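Please read the following points against the model shown below.

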Amino acid sequence: IKQTSKNYKVLVIDDGSKDNTSGIAKKAGANYIIKNKKNLGLAQSFKRGLEECLKLGADIIVNTDADFQYNQAEIPKIIQPIIEQKADIVLTDRKILNLNHMPLSKKLGNLLSTLVTRFVSGYPVSDAQSGFRAFSREAALRLNILSDYTYVQETIIQAVDKRLRIIQMPCEFRKRQGKSRLISSLFGYAKKAGLTIIRSFVRYKPLKAL
(Lines give C-alpha, C1' and ligand atoms only; values in the text may rest on other atoms or scores of the structure.)
Protein backbone atom coordinates (compact mmCIF):
# COMPACT_ATOMS: atom_id res chain seq x y z
CA ILE A 1 0.00 0.00 0.00
CA LYS A 2 2.80 2.39 0.85
CA GLN A 3 4.00 2.37 -2.74
CA THR A 4 0.61 3.09 -4.31
CA SER A 5 -1.28 5.14 -1.76
CA LYS A 6 -0.36 8.36 -0.01
CA ASN A 7 -3.17 8.16 2.50
CA TYR A 8 -4.40 4.95 4.06
CA LYS A 9 -5.59 4.04 7.55
CA VAL A 10 -5.95 0.75 9.40
CA LEU A 11 -9.15 0.04 11.32
CA VAL A 12 -9.28 -3.02 13.59
CA ILE A 13 -12.57 -4.49 14.81
CA ASP A 14 -12.11 -6.36 18.08
CA ASP A 15 -15.22 -8.51 18.35
CA GLY A 16 -15.33 -8.89 22.12
CA SER A 17 -12.07 -10.86 22.29
CA LYS A 18 -10.36 -11.85 25.53
CA ASP A 19 -6.82 -12.04 24.13
CA ASN A 20 -5.89 -8.33 24.26
CA THR A 21 -6.47 -7.87 20.52
CA SER A 22 -7.10 -4.15 21.00
CA GLY A 23 -3.89 -3.61 22.95
CA ILE A 24 -1.79 -5.58 20.46
CA ALA A 25 -3.37 -3.74 17.50
CA LYS A 26 -2.68 -0.37 19.10
CA LYS A 27 0.91 -1.32 19.80
CA ALA A 28 1.29 -2.49 16.18
CA GLY A 29 0.21 0.92 14.91
CA ALA A 30 -3.47 0.56 14.01
CA ASN A 31 -4.98 4.00 13.41
CA TYR A 32 -8.44 3.15 14.73
CA ILE A 33 -9.71 0.39 16.99
CA ILE A 34 -13.32 -0.53 17.71
CA LYS A 35 -13.97 -3.01 20.49
CA ASN A 36 -17.37 -4.67 20.74
CA LYS A 37 -18.44 -5.11 24.35
CA LYS A 38 -19.54 -8.63 23.49
CA ASN A 39 -19.07 -10.96 20.55
CA LEU A 40 -21.45 -9.81 17.80
CA GLY A 41 -20.26 -12.20 15.11
CA LEU A 42 -18.58 -11.74 11.75
CA ALA A 43 -21.47 -10.15 9.86
CA GLN A 44 -22.27 -7.43 12.38
CA SER A 45 -18.58 -6.68 12.96
CA PHE A 46 -18.12 -6.31 9.20
CA LYS A 47 -21.15 -4.02 9.04
CA ARG A 48 -19.82 -1.90 11.89
CA GLY A 49 -16.45 -1.68 10.15
CA LEU A 50 -18.05 -0.48 6.90
CA GLU A 51 -20.08 2.14 8.73
CA GLU A 52 -17.05 3.43 10.62
CA CYS A 53 -14.94 3.60 7.44
CA LEU A 54 -17.67 5.64 5.76
CA LYS A 55 -17.79 8.01 8.74
CA LEU A 56 -14.03 8.44 8.46
CA GLY A 57 -14.41 9.42 4.80
CA ALA A 58 -12.82 6.37 3.17
CA ASP A 59 -12.88 6.29 -0.64
CA ILE A 60 -11.94 2.59 -0.86
CA ILE A 61 -12.50 0.00 1.87
CA VAL A 62 -10.60 -3.29 2.04
CA ASN A 63 -11.66 -5.97 4.49
CA THR A 64 -9.41 -8.84 5.48
CA ASP A 65 -9.35 -11.49 8.19
CA ALA A 66 -6.99 -11.15 11.15
CA ASP A 67 -5.45 -14.64 10.92
CA PHE A 68 -2.99 -13.72 8.13
CA GLN A 69 -4.16 -16.45 5.77
CA TYR A 70 -4.54 -13.67 3.21
CA ASN A 71 -1.48 -11.77 1.98
CA GLN A 72 -2.16 -8.10 2.72
CA ALA A 73 0.70 -7.15 0.39
CA GLU A 74 -1.81 -7.88 -2.41
CA ILE A 75 -4.06 -4.97 -1.38
CA PRO A 76 -2.67 -2.61 -4.06
CA LYS A 77 -3.57 -5.22 -6.68
CA ILE A 78 -7.16 -5.70 -5.57
CA ILE A 79 -7.95 -1.99 -5.24
CA GLN A 80 -6.58 -1.13 -8.69
CA PRO A 81 -9.83 -1.92 -10.59
CA ILE A 82 -11.68 0.47 -8.25
CA ILE A 83 -9.06 3.19 -8.70
CA GLU A 84 -9.41 2.76 -12.47
CA GLN A 85 -13.22 2.95 -12.07
CA LYS A 86 -13.66 -0.49 -13.62
CA ALA A 87 -15.34 -2.03 -10.57
CA ASP A 88 -17.41 -1.18 -7.51
CA ILE A 89 -16.46 -4.38 -5.68
CA VAL A 90 -13.44 -6.65 -6.08
CA LEU A 91 -13.78 -10.23 -4.89
CA THR A 92 -10.80 -12.54 -4.47
CA ASP A 93 -10.59 -16.17 -5.51
CA ARG A 94 -8.52 -18.50 -3.31
CA LYS A 95 -8.46 -21.23 -6.02
CA ILE A 96 -9.82 -23.74 -3.53
CA LEU A 97 -9.18 -26.83 -5.65
CA ASN A 98 -5.46 -26.03 -5.82
CA LEU A 99 -4.96 -25.68 -2.05
CA ASN A 100 -3.09 -28.69 -0.67
CA HIS A 101 -3.43 -27.43 2.91
CA MET A 102 -7.25 -27.21 2.93
CA PRO A 103 -9.08 -30.39 4.07
CA LEU A 104 -11.31 -32.02 1.48
CA SER A 105 -14.39 -31.52 3.67
CA LYS A 106 -13.84 -27.76 3.73
CA LYS A 107 -13.17 -27.68 0.00
CA LEU A 108 -16.47 -29.41 -0.64
CA GLY A 109 -18.29 -27.11 1.77
CA ASN A 110 -16.83 -24.01 0.10
CA LEU A 111 -17.62 -25.27 -3.38
CA LEU A 112 -21.21 -26.16 -2.44
CA SER A 113 -21.82 -22.76 -0.84
CA THR A 114 -20.32 -21.05 -3.89
CA LEU A 115 -22.56 -23.01 -6.26
CA VAL A 116 -25.65 -22.09 -4.22
CA THR A 117 -24.62 -18.41 -4.09
CA ARG A 118 -24.00 -18.48 -7.85
CA PHE A 119 -27.47 -19.92 -8.46
CA VAL A 120 -29.24 -17.51 -6.11
CA SER A 121 -27.41 -14.36 -7.22
CA GLY A 122 -27.16 -15.15 -10.92
CA TYR A 123 -23.50 -14.09 -10.83
CA PRO A 124 -20.72 -16.58 -11.79
CA VAL A 125 -18.80 -16.15 -8.54
CA SER A 126 -15.75 -18.40 -8.23
CA ASP A 127 -15.24 -18.20 -4.46
CA ALA A 128 -18.21 -16.89 -2.50
CA GLN A 129 -16.56 -17.36 0.90
CA SER A 130 -13.35 -15.38 0.44
CA GLY A 131 -13.00 -12.74 3.18
CA PHE A 132 -10.52 -10.53 1.33
CA ARG A 133 -12.42 -7.89 -0.67
CA ALA A 134 -12.37 -4.27 -1.75
CA PHE A 135 -15.33 -1.88 -1.95
CA SER A 136 -15.71 1.59 -3.42
CA ARG A 137 -17.31 4.17 -1.18
CA GLU A 138 -20.44 4.12 -3.35
CA ALA A 139 -20.73 0.34 -3.05
CA ALA A 140 -20.31 0.45 0.73
CA LEU A 141 -23.01 3.10 1.00
CA ARG A 142 -25.46 0.88 -0.88
CA LEU A 143 -24.83 -2.34 1.04
CA ASN A 144 -26.95 -3.12 4.09
CA ILE A 145 -25.92 -6.23 6.00
CA LEU A 146 -28.88 -7.87 7.71
CA SER A 147 -27.36 -11.25 8.56
CA ASP A 148 -26.15 -11.92 12.08
CA TYR A 149 -23.70 -14.68 11.05
CA THR A 150 -21.71 -14.16 7.85
CA TYR A 151 -21.71 -11.36 5.28
CA VAL A 152 -19.86 -13.00 2.38
CA GLN A 153 -22.80 -14.47 0.46
CA GLU A 154 -25.26 -11.68 1.28
CA THR A 155 -22.97 -8.94 -0.07
CA ILE A 156 -22.69 -10.75 -3.41
CA ILE A 157 -26.45 -11.25 -3.70
CA GLN A 158 -27.05 -7.60 -2.77
CA ALA A 159 -24.38 -6.31 -5.15
CA VAL A 160 -25.93 -8.14 -8.09
CA ASP A 161 -29.41 -6.96 -7.12
CA LYS A 162 -28.15 -3.35 -6.98
CA ARG A 163 -26.30 -3.75 -10.30
CA LEU A 164 -22.89 -2.98 -8.83
CA ARG A 165 -19.89 -3.82 -11.00
CA ILE A 166 -17.98 -6.84 -9.68
CA ILE A 167 -14.52 -8.07 -10.65
CA GLN A 168 -12.83 -11.24 -9.40
CA MET A 169 -9.10 -11.89 -9.15
CA PRO A 170 -6.94 -14.64 -7.64
CA CYS A 171 -5.29 -14.21 -4.25
CA GLU A 172 -2.81 -16.06 -2.08
CA PHE A 173 -4.33 -18.12 0.72
CA ARG A 174 -1.93 -19.49 3.31
CA LYS A 175 -2.23 -22.45 5.65
CA ARG A 176 -4.13 -21.64 8.83
CA GLN A 177 -2.18 -21.51 12.07
CA GLY A 178 -4.60 -22.76 14.71
CA LYS A 179 -8.29 -23.63 14.54
CA SER A 180 -11.03 -21.58 12.89
CA ARG A 181 -13.46 -20.05 15.38
CA LEU A 182 -16.03 -19.25 12.70
CA ILE A 183 -16.03 -22.70 11.11
CA SER A 184 -15.50 -24.89 14.17
CA SER A 185 -18.15 -27.25 12.78
CA LEU A 186 -18.54 -27.70 9.02
CA PHE A 187 -22.14 -28.82 9.42
CA GLY A 188 -22.92 -25.87 11.69
CA TYR A 189 -21.36 -23.41 9.26
CA ALA A 190 -23.19 -24.94 6.29
CA LYS A 191 -26.50 -24.73 8.15
CA LYS A 192 -26.07 -21.08 9.20
CA ALA A 193 -24.59 -19.95 5.89
CA GLY A 194 -27.39 -21.76 4.06
CA LEU A 195 -30.00 -19.92 6.10
CA THR A 196 -28.27 -16.62 5.31
CA ILE A 197 -28.40 -17.39 1.57
CA ILE A 198 -32.08 -18.38 1.73
CA ARG A 199 -33.03 -15.23 3.65
CA SER A 200 -31.08 -13.09 1.19
CA PHE A 201 -32.82 -14.81 -1.72
CA VAL A 202 -36.25 -14.11 -0.22
CA ARG A 203 -35.35 -10.46 0.55
CA TYR A 204 -33.85 -9.52 -2.81
CA LYS A 205 -35.68 -11.84 -5.20
CA PRO A 206 -39.11 -12.28 -3.57
CA LEU A 207 -40.96 -13.03 -6.81
CA LYS A 208 -38.59 -15.90 -7.66
CA ALA A 209 -38.90 -17.23 -4.13
CA LEU A 210 -42.69 -17.59 -4.38
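**Note on a pocket and salt bridges**

1. α3 (75-83) and α5 (137-142) each contribute at least two residues to the lining of the second largest pocket. Helices are DSSP runs of H or I with at least four residues, strands are runs of E with at least two, and both are numbered from the N terminus.

2. This is a predicted model, in which local features need pLDDT of at least 70 and side-chain atom pairs count only at pLDDT 80 or more, while totals for chains, interfaces and linings use all residues. Residues are numbered from 1 along each chain as its sequence is written, and side-chain values use heavy atoms, with hydrogens and water left out.

3. The second largest pocket holds about 170 Å³ of space. A pocket here is an open set of points on a 1 Å grid over the protein atoms alone, where a 1.4 Å probe fits, with protein on both sides within 12 Å along at least five of seven lines; lining residues have an atom within 4 Å of a point. The volume is the space filled by probe spheres set on the points, which are joined across faces, edges and corners.

4. The lining includes D59, R137, E138 and R165.

5. There are eight salt bridges (a side-chain nitrogen of Lys or Arg within 4 Å of a carboxyl oxygen of Asp or Glu). One of them joins R176 and D67 at 3.1 Å, N to O. R176 sits in the loop between β6 (166-170) and α7 (186-204) and D67 in the loop between β3 (60-63) and α3, so the pair ties together parts 109 residues apart in sequence.
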